[in-house]
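Hello,

Here is the structure I said I would pass on. Please look through it first, and then read the notes below.

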Amino acid sequence: MSTTTPAVTTETTPAHAAKKAKPQLSEGARAERRLGFILIAPAVIVMIAVAGYPIVYAVYLSLQRYNLEFPQNKAFIGFANYGAVLSSPYWWQALWVTVIITVFSVSITLVLGMLLAFVLHRTLFGRGTVRTASLIPYGIVTVAAAYSWQYAWTPSQGYLSALFNNSAPLTSHVQAIIVIIIAEIWKTTPFMGLLLLAGLSLVPEDLQKAAKVDGATGWQRFTKITLPLMKPAILVALLFRTLDSFRIFDNIFILTAGNNGTGSVSILGYDNLFNALNLGIGSTISILIFICVAIIAVIYILGFGTAAPGSDIGKR
Amino acid sequence: MAVITPQRRVGWLTANFVVIALALIPVLWLVSLSLKTPTAILDPSFIPSQWTWGNYSGILTSAQFLRPLLNSIGIGVISTIIAVGLASMAAYAIARLRFPGKGVLIGMALLIAMFPLIALVTPLFTIERALGLFNTWPGLIIPYVAFGLPLGIYILSAFFREIPWELEKAAKVDGATPFQAFIRVIAPLAAPGMVTTAILVFLACWNDFILAISFTSTIASRTAPAAMEYFSGGSVFTVPTGPISAAAVVITIPIIIFVLFFQRRIVAGLTSGAVKG
């Protein structure tokens with residue numbers, strides 16, 4: 001899915017942008033403004049049409065009783081759908097599964113991504129080969145990889161199942177969630193590793209050497225120098241991985257289809273739309289997921305402080 | 001630089017080997033499955049005991065896979081071209097021009113980049129059915145463009161900030177309008193950033209599953225990842241493991257080609273702006 005990495009550092013503002021806008025715009029400035037609006041207009045229109053308007057429409061749908069099987073029963077029912085979803089054990093089960101998958105996959109990915117970043121940064125030979133190989137899990141279609149994991153854990157067919165006593169983990173609740181987490185980790189560690197590598201390459205070599213001369217151990221150098229300097233890169237990587245992981249869908253859909261209580265909130269929303277054909281409840285779930293994501297983002301951005309994504313671009 | 005002792009050499013070789021093995025084993029497993037005969041599939045060994053090209057010839061002669069593959073390529077390419085075009089314009093404005101509302105634009109793009117796609121599936125499904133876009137190419141292209149835009153705007157505005165803008169001024173002094181300066185001078189300089197963006201946007205479209213299964217109902221517009229689960233085995237009792245694995249390998253080939261040829265660009269694109277010092 002779309003994973004992007006906004007700028008987090010505050011650069012020195014170019015001279016032309018530092019100039020205060022004059023109260024009366026010159027002809028040139030007005031032309032510049034006009035061109036600016038013309039250039040961003042198509043992008044803004046598409047984004048509003050595909051994301052902005054539907055989310056407003058989803059709020060409206062979430063306040064309706066609206067099932068495609070009984071369209072004549074459509075009626076405004078206020079917050080009744082929210083009451084129904086929030087008092088349903090299915091919602092809390094799905095939310096719990098999603099949170100567990102997110103917490104474990106993101107934290108393990110952070111550790112493995114850090115190790116991968118160190119290998120990519122420090123390895124003496126074959127750096128390009130290692131980098132190329134590690135980009136394959138990043139680029140591969142999630143569904144294709146999910147089939148590979150599914151077949152690997154199929155009893156009497158899969159190599160991993162054979163390795164673990166012909167087990168069938170995808171048919172049990174906890175084990176299936178573990179397999180889903182492994183699939184997520186495999187797919188997303190390279191992205192985490194590359195973001196951390198970019199942060200790692202900013203840590204000055206001299207500082208490391210000086211600390212070494214002063215007798216700091218490798219671990220001390222890592223916790224006292226490397227980690228603090230990498231904090232912005234780590235926060236950006238964590239934010240993107242957390243939000244991405246929270247909307248997990250593809251891996252679960254292929255691996256378990258949400259059976260045995262392994263469905264995430266996205267799977268629940270999908271099932272409500274396409275199996276129950278209930279637009280009202282489906283939209284309510286959509287809005288609740290959106291609120292969860294907003295809460296996660298706000299928590300992280302408070303953690304970012306001034307280094308929030310886009311803050312430096314916004315100033316220009 | 002520290003002296004390279006034999007132990008260090010062995011240590012790094014091992015580390016490299018572990019990374020490469022972990023990255024490739026699941027892919028090699030798909031390749032192995034795709035080459036196994038239906039009997040060999042029941043044997044969990046990594047090396048097929050009996051080989052066949054049958055799975056490939058099967059899917060590559062079936063409209064159930066060829067049509068979705070064509071859809072994937074067509075929808076991916078068209079979405080990428082539109083998204084990169086629109087994102088370049090917006091990124092140029094963000095990097096270069098003074099106008100109010102920039103912060104709002106950035107915030108909006110960030111919001112969409114983080115959007116849980118499922119939250120849009122229900123309303124978009126309803127809207128697409130009303131507009132007759134359901135199960136058509138534009139029905140997927142339009143959302144793909146919208147979700148490619150934030151990615152494109154970020155990467156391109158980071159790239160555009162690196163461009164030597166004096167050239168643009170020179171062009172303006174020579175009498176070019178801002179628009180001409182953009183097309184004649186800046187666009188060629190921005191081409192590498194645009195290639196990087198195009199690759200990442202295309203990969204995102206190629207990878208999509210949730211929108212593809214939600215907004216399509218037949219092979220007229222279903223993309224390859226969404227089509228795989230509709231494959232059928234030799235009989236109703238056979239799971240089509242071989243054909244699905246072969247299809248998974250086929251849709252992985254373009255990714256391997258991108259990674260081999262554009263490794264540097266992909267890394268630069270992913271990390272652009274993340275940690276500029």
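**The two domains of chain A**

In chain A, 11 residues of domain 1 are in contact with 9 residues of domain 2. Before going further, please keep in mind that this is a predicted model. The domain assignment places domain 1 of chain A at 26-80 and domain 2 of chain A at 89-315. The C-alpha centres of these two domains are 30 Å apart.

Which elements give two or more residues to the side of domain 1 of chain A that touches domain 2 of chain A? They are helix H2 (27-62) and strand S1 (64-65) of chain A. H2(A) provides the largest share of that side, with 5 residues. By class, the side consists of 6 nonpolar, 3 polar and 2 charged residues.

**Chain A as a whole**

Chain A contains 14 helices and 2 strands. Its length is 316 residues, and 46% of them count as buried. Of the contacts in chain A with a separation of 6 or more, 71% are between residues 24 or more positions apart.

Helix H12 of chain A, residues 265-274, is mostly covered, with 8 of its 10 residues buried. Among the buried residues of H12(A) are Val265(A), Ile267(A), Leu268(A), Tyr270(A) and Leu273(A). Ser266(A), Gly269(A) and Asn272(A) of H12(A) are buried too.

**A helix pair within chain A**

Two packed helices are described by the angle between their axes and the distance between the axes. For helix H8 (residues 173-200) and helix H10 (residues 218-246) of chain A, the axes come within 8 Å and cross at roughly 160°. Angles over 145 degrees count as roughly antiparallel, so H8(A) is roughly antiparallel to H10(A). The crossing of H8(A) past H10(A) is right-handed.

On the H8(A) side, the contact includes Glu184(A), Thr188(A), Met192(A), Leu195(A) and Leu196(A). On the H10(A) side, it includes Met230(A), Ala233(A), Ile234(A), Ala237(A) and Arg241(A). An α-helix has 3.6 residues a turn, so residues three or four places apart point the same way. The classes in the contact of H8(A) with H10(A) are 10 nonpolar, 3 polar and 2 charged residues.

**Chain B**

Chain B has 11 helices and 0 strands. Its C-alpha atoms fill a box of roughly 75 × 70 × 30 Å along the principal axes. Chain B has 277 residues, of which 51% are buried. For contacts in chain B between residues at least 6 apart in sequence, 75% join residues at least 24 apart.

Chain B also has two domains, domain 1 (1-52) and domain 2 (63-271). Taken over C-alpha atoms, the centres of these domains of chain B are separated by 31 Å.

**Where the chains meet**

How many residues of chain A are in contact with chain B? There are 96, and they are in contact with 96 residues of chain B. H2(A) gives the most to the chain A side, with 20 residues. That side of chain A divides into 63 nonpolar, 26 polar and 7 charged residues.

One helix pair across the two chains is helix H5 (residues 127-139) of chain A with H1(B), packed at an angle of about 30° with the axes 9 Å apart. Angles under 35 degrees count as roughly parallel, so H5(A) is roughly parallel to H1(B). H5(A) passes H1(B) in a left-handed crossing. The contact is formed by Thr129(A), Val130(A), Ala133(A), Ser134(A), Ile136(A) and Pro137(A) of H5(A), with Asn16(B), Val19(B), Ile20(B), Ala23(B), Leu24(B) and Val27(B) of H1(B). These residues divide into 9 nonpolar, 3 polar and no charged.

**One residue to look at**

Ile20(B) sits in helix H1 of chain B, residues 6-35. Leaving out residues up to four places away in sequence, Ile20(B) touches Thr129(A), Val130(A) and Ala133(A). Why is Ile20(B) partly exposed? It has 17 other C-beta atoms within 10 Å. A residue is buried at 20 or more and exposed at 12 or fewer, so Ile20(B) counts as partly exposed.

Regards

Key
Residues numbered from 1 in each chain as written. Chains lettered and ligands numbered in written order. Predicted model: local features only at pLDDT ≥ 70, side-chain atom pairs only at ≥ 80, totals over all residues. Helix = DSSP H or I, 4+ residues; strand = E, 2+ residues; numbered from the N terminus. Contact = placed C-beta atoms within 7 Å. Domains from an automatic or database assignment. Nonpolar A, V, L, I, M, F, W, Y, C, P; charged D, E, K, R; others polar. Axes fitted to C-alpha atoms, helices over the stretch in contact; angles between N-to-C directions. Parallel < 35°, antiparallel > 145°, perpendicular 65-115°, else oblique. Left-handed = near helix turned anticlockwise from the far one by under 90°.
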